[in-house]
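Let's take a walk through a protein model together. Have a look at the picture below, and then we will go from the whole chain down to a single residue.

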Amino acid sequence: MNAEHHVDHTARITASWALVGIPLGYGLFNAIKAAAQLFA
Amino acid sequence: MSALSFLDREHTIAPPGYSRWLIPPAALAIHLCIGQAYATSVYKIALVEHFGASLTSVGYIFSVAIVMLGVSAALFGTWVDRVGPRKTMFTAACCWASGFLVAALGIQSGQLWLVYLGYGFIGGIGLGLGYISPVSTLIKWFPDRPGLATGMAIMGFGGGAMVASPLSQKLLVAYGGDTFGGDAVMKLFLTLAVIYFVFMMFGVFTVKVPPPGWAPAGFDPSTIKSKKMVTSNHVSAANAIKTPQFWLLWTVLFCNVTAGIGILENAKPMLEDFFRDDSGNSTVAAATAAGFVGLLSLGNMTGRFAWSTTSDYLGRKMTYVMYLGGGMLLFFGVATIGETSTGLFVLLMVLIISYYGGGFATVPAYLRDLFGTFQVGAIHGRLLTAWSAAGIAGPLIINAILDAQGKEPGTLIAGDYRSPILIMVGILAVGFVANLLITPVSDGFHEKGAVVDAVDRHHKQDTGVEPEDIPIIEEELIAQRRLETDPDLRPN
């Protein structure tokens with residue numbers, strides 16, 4: 001029972017973090033791309 | 001009304017086995033959306049031209065939104081704690097999205113006041129509610145790591161601008177070409193209203209409050225009780241504002257934000273003004289200035305997460321000693337040796353901005369340490385009035401002193417910034433002393449009876465357990481006992 005819960009939540013946790021992580025990653029990528037001009 | 005009963009706090013209690021690691025993404029979903037408030041510069045000029053208004057008049061849209069953030073967080077904080085995170089997030093999403101819609105109507109009809117009303121007033125309420133909505137829930141799910149928990153959420157506010165800025169730029173070009181105008185901004189607002197509403201609904205449907213007595217596996221409440229500056233008692237929001245600790249912390253936040261926001265607003269022109277050749281032309285290339293702004297965004301966001309997480313180990317008071325004491329040294333460095341090298345200037349400024357962001361993210365955990373978890377959301381809401389006040393004071397101080405030099409923008413040099421920066425050192429010194437004066441809240445302000453929230457009342461109906469009979473001091477021990485005896489309550 002607990003193992004089932006665990007498996008379900010692992011998938012849901014991964015999906016949830018991906019949902020917020022993808023836009024955050026997009027923002028991070030653009031900020032790093034802009035910041036890289038400082039060192040070009 | 002019953003159709004919306006799924007929003008009630010009582011209906012958001014996590015079932016056994018619900019993972020607490022689902023709560024930070026829910027909080028991030030809200031903060032990533034409302035963080036757009038710091039990406040308004042993308043369309044500012046287009047609005048100036050569309051309305052034929054001054055930069056200051058258009059700038060008021062953002063100012064009204066930030067003032068409403070503080071006002072709504074302060075006024076509705078107790079309501080937020082009572083109704084729970086789901087209803088608050090839902091209300092925040094409605095206000096934030098409808099704010100964009102009303103503002104879009106204002107642009108379409110050429111009525112600037114509708115933009116103030118929409119984005120500034122209605123959207124500002126969404127900002128305030130959204131900002132505080134996940135805080136107390138996160139603190140309850142992460143009693144062992146409150147700094148990490150609030151850092152994860154409030155990092156999203158910094159990250160929201162990083163997402164909204166390039167996204168808005170792309171959408172504006174798609175809607176109006178390279179020389180986009182007000183019509184493109186109107187379409188952008190309509191698009192953002194839909195995107196943000198849908199994204200915030202993910203947070204609404206994911207967030208849950210922990211069941212009564214829940215504690216993370218392996219959590220030892222005695223580790224909290226052994227820390228001098230961390231209370232195991234509870235203070236109501238009404239009592240909190242009567243304590244000197246609240247106002248000292250208000251001063252700390254006000255000083256940290258005033259110094260940081262004043263610099264943040266002027267960061268790009270400062271870089272250009274600090275490095276001029278003999279003929280008065282800036283030696284900083286446009287690409288370098290853009291890179292600097294990108295690096296500041298990164299410093300702001302990572303500071304929120306990294307410093308707040310560090311505060312779980314360093315202690316909240318010591319962390320603010322670092323923000324304010326370290327900040328004084330960094331500001332002094334900018335004023336005295338900042339002009340010697342671009343690299344040094346950038347390094348000092350990025351550290352300053354990371355402390356500014358860290359100050360926002362660490363303050364909810366500081367409040368939890370001083371006042372307990374009972375109404376920490378409401379107390380946080382009241383404290384955010386310091387942000388609103390600093391949002392006015394910071395830019396005002398810097399701009400007033402620069403204006404007093406009587407020079408045109410683009411002709412300032414490093415020496416012109418020395419006075420306002422040294423004033424910021426003084427402001428940080430005031431915050432530094434205020435932080436040192438913070439001591440544990442005296443017993444007279446602690447709640448005398450048992451502290452029961454809506455979740456516990458619901459639990460009583462289900463089980464017949466009388467949480468009112470449980471002395472506060474034993475709550476954590478009872479939680480531990482429940483965990484030991486009830487395998488269903490053990491978290492993953």
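How many helices and how many strands are there in chain B? This is a predicted model, and in it chain B has 19 helices and zero strands. Chain B holds 492 residues, and 59% of them are buried. Now think about which parts of the sequence meet. If we take the contacts in chain B between residues at least 6 apart in sequence, 83% of these join residues at least 24 apart.

With that overview in mind, let's see how some of the helices pack. Start with H11(B), which covers residues 244-274, and H14(B), which covers residues 342-371. Their axes come within 10 Å and cross at roughly 160°. An angle over 145 degrees counts as roughly antiparallel, so H11(B) and H14(B) are roughly antiparallel to each other. Their crossing is left-handed. What kinds of residues make up this contact, by class? The contact of H11(B) with H14(B) has 23 nonpolar residues, five polar ones and no charged ones.

Next, turn to another pair: H7(B), residues 146-176, and H8(B), residues 182-206. Here the axes lie 9 Å apart, and the helices pack at an angle of about 130°. The crossing of H7(B) and H8(B) is right-handed. On the H7(B) side, the contact is made by Ala164(B), Ser168(B), Leu171(B), Leu172(B), Tyr175(B) and Gly176(B). From H8(B), the residues taking part include Val185(B), Leu188(B), Leu192(B) and Tyr196(B). Sorted by class, the residues of this contact divide into nine nonpolar, three polar and one charged.

One name from that list deserves a visit of its own. Find Ser168(B) in helix H7 of chain B. Is Ser168(B) buried or exposed? Buried means under 20% relative accessible area, and because Ser168(B) has 0% relative accessibility, it counts as buried. What does Ser168(B) touch, if we do not count residues up to four places away in sequence? Its partners are Val42(B), Leu188(B) and Leu192(B). The backbone oxygen of Ala164(B) is 2.6 Å from a polar atom of the Ser168(B) side chain.

Methods. Residues are numbered from 1 along each chain as its sequence is written. Chains are lettered from A and ligands numbered from 1 in the order in which they are written. This is a predicted model: local features need pLDDT of at least 70, side-chain atom pairs count only at pLDDT 80 or more; totals for chains, interfaces and linings use all residues. Side-chain values use heavy atoms; hydrogens and water are left out. Helices (H or I, at least four residues) and strands (E, at least two) are DSSP runs, numbered from the N terminus. Buried means under 20% relative accessible area, exposed over 50%, partly exposed in between (1.4 Å probe, protein chains only). A polar contact is a pair of N or O atoms within 3.5 Å; within protein, one must be able to donate a hydrogen and the other to accept it, and residues adjacent in sequence count only if both atoms are side-chain atoms. Contact means heavy atoms within 4.5 Å. Axes are lines fitted to C-alpha atoms, for helices over the stretch in contact, and angles run from 0 to 180 degrees between N-to-C directions. Angles under 35 degrees count as roughly parallel, over 145 as roughly antiparallel, 65 to 115 as roughly perpendicular and the rest as oblique. A crossing is left-handed if the near helix is turned anticlockwise from the far one by less than a right angle, and right-handed if clockwise. Ala, Val, Leu, Ile, Met, Phe, Trp, Tyr, Cys and Pro count as nonpolar, Asp, Glu, Lys and Arg as charged, and the others, Gly among them, as polar.
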